[in-house]
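Student: I would like to learn how to read a structure like this one. Please show it to me, and I will ask about its features in turn.

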Amino acid sequence: NSVPALRWGILGAGDIAEVFAETIQKNTNQKIVAVASKTPGKGEKFANRFGIPKTFTSYEALVEDMEIDAVYVATLPNTHRSDALLAIRASKHVLIEKPSALRVEDAQFIYSEARKAKVFAMEAMWSRYLPQASILRQLVSTGSLGEIQVVQADFGQDNRTIERLWIPGESSIMQDMGIYPISFVQMLLGDPVKITATGSLHNGVSESFASAVLEFESGARAVINVAGKAHLPTTASISGTLGVVVVDGPFFIPSALELRPALFNAHGPAWADTSDIQGHAGLCYQVSHFASYVSQGLLESPLQSHKDTVSVISIGEEIRRQLGVPLS
């Protein structure tokens, strides 16, 4: 691994932090030197499992540690703003678990503060850093698919038992799960000029299902479906005048692609990610990119700028607004 080995501190010791720690220790040269958890005993248990030398019971103490170069914010979305700002104000580079925030104004503030502090800040939208994402961007940018007409993507799971997804005003199916199809579309087509959404609410305050059509200046459209109480295929496709790319589900983890000619019932060349890095182990790619960008002196990711990050959250917010979610 040719990128520099940064010394990482992790805020939060939940499920996503465990996946993160496991894959970067196995698949990168990055070093985790500290973890902080506010839950008694949780940080120590996490540190023991992954051989991490330092544990803290306060986030403030971790970010002030001089031996830490970068902080991974693995807390709940409704605290990302305050947690990320702790790291930024301690002059630490920061990787913020997606979504960076539930609200546009909070995401904007995080990234403007990072820029002022001259630290590198990036959302952990790991799907943009997978090998297949690079292939998809090349197919679109080189014109291999012709003029893009329709992009489709969906993500649905029956997540009724996951309490953190249903906290009124402090969680969002659209921003937590829907961010994947929205980001996929935004990566390929940029920002929409019109959004039309419909769906249903859970207890009148949180979205549980959404269908949205996004229209773009180019004339292209995107159709996305997001569900928190139903399983969807979680596939994606890009349709152009010359061909169609179908991405196997789940489309945002290492999977497979097929390039089909623009003909009825046609099939074409296929590619599958057969590496050892499967499932959520794919989180490691974004970390290697992060370290590389830091070494280049960048302040934002070339594959997802701060503006892109905020735009994706803005799209999710507008869909929620149209569904009738109270956003005050």
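Student: Does asparagine 203 count as buried or exposed?

Tutor: Some background comes before the answer. This is a predicted model, in which local features need pLDDT of at least 70 and side-chain atom pairs count only at pLDDT 80 or more, while totals for chains, interfaces and linings use all residues. Residues are numbered from 1 along each chain as its sequence is written, and side-chain values use heavy atoms, with hydrogens and water left out. Buried means under 20% relative accessible area, exposed means over 50%, and partly exposed lies in between (1.4 Å probe, protein chains only). Asparagine 203 has 67% relative accessibility, so it counts as exposed.

Student: Where is asparagine 203 placed, and what is its phi?

Tutor: Helices (H or I, at least four residues) and strands (E, at least two) are DSSP runs, numbered from the N terminus. Asparagine 203 is in the loop between strand 8 (194-202) and strand 9 (206-215). Its phi is positive, about 55°, although asparagine 203 is not a glycine.

Student: What is the phi of threonine 234, and is threonine 234 buried or exposed?

Tutor: Threonine 234 is not a glycine either, yet its phi is positive at about 60°. The loop between strand 10 (221-227) and strand 11 (236-240) holds threonine 234. With a relative accessible area of 6%, threonine 234 is buried.

Student: How many residues does the largest nonpolar core have?

Tutor: In soluble globular proteins, nonpolar side chains tend to be buried together. A nonpolar core is a set of buried Ala, Val, Leu, Ile, Met, Phe, Trp, Tyr and Cys residues joined through side-chain atoms within 4.5 Å. Here the largest nonpolar core has 79 residues, and Ile10, Phe184 and Ile319 have the most contacts inside it. Apart from it lies another core of 28 residues, including Leu11, Val104, Ala114 and Val310.

Student: Which residues does isoleucine 319 touch?

Tutor: Contact means heavy atoms within 4.5 Å. Not counting residues up to four places away in sequence, isoleucine 319 touches Met174, Ile182, Ile195, Ala197, Ala210, Ala212 and Ile224.

Student: How many residues of helix 8 are buried?

Tutor: In helix 8 (residues 179-189), 11 of the 11 residues are buried, so this helix is largely enclosed by the rest of the structure. Among them are Ile182, Ser183, Phe184 and Gln186. After helix 8 comes glycine 190, with a positive phi near 85°.

Student: Where does glutamine 304 lie, and which residues is it in contact with?

Tutor: Glutamine 304 lies in the loop between helix 9 (283-295) and helix 10 (306-323). It is buried, with a relative accessible area of 3%. Leaving aside neighbours within four places in sequence, glutamine 304 is in contact with Glu123, Met125, Arg128, Tyr129, Ser183, Thr309 and Val312.

Student: At what angle do the axes of helix 1 and helix 2 cross?

Tutor: Axes are lines fitted to C-alpha atoms, for helices over the stretch in contact, and angles run from 0 to 180 degrees between N-to-C directions. The axes of helix 1 (residues 15-27) and helix 2 (residues 42-50) cross at roughly 20° and come within 11 Å. Angles under 35 degrees count as roughly parallel, over 145 as roughly antiparallel, 65 to 115 as roughly perpendicular and the rest as oblique. Helix 1 is therefore roughly parallel to helix 2.

Student: Which residues meet where helix 1 packs on helix 2?

Tutor: Ala17, Glu18, Ala21, Glu22 and Gln25 in helix 1 meet Phe46, Arg49 and Phe50 in helix 2. Ala, Val, Leu, Ile, Met, Phe, Trp, Tyr, Cys and Pro count as nonpolar, Asp, Glu, Lys and Arg as charged, and the others, Gly among them, as polar. By class, this contact has 4 nonpolar, 1 polar and 3 charged residues.

Student: At what angle do helix 1 and helix 9 pack?

Tutor: Helix 1 and helix 9 pack at about 65°, with axes 8 Å apart, and are therefore roughly perpendicular to each other. Ile16, Val19, Phe20, Thr23, Ile24 and Asn27 in helix 1 meet Leu283, Cys284 and Val287 in helix 9. By class, the contact of helix 1 with helix 9 has 7 nonpolar, 2 polar and no charged residues.
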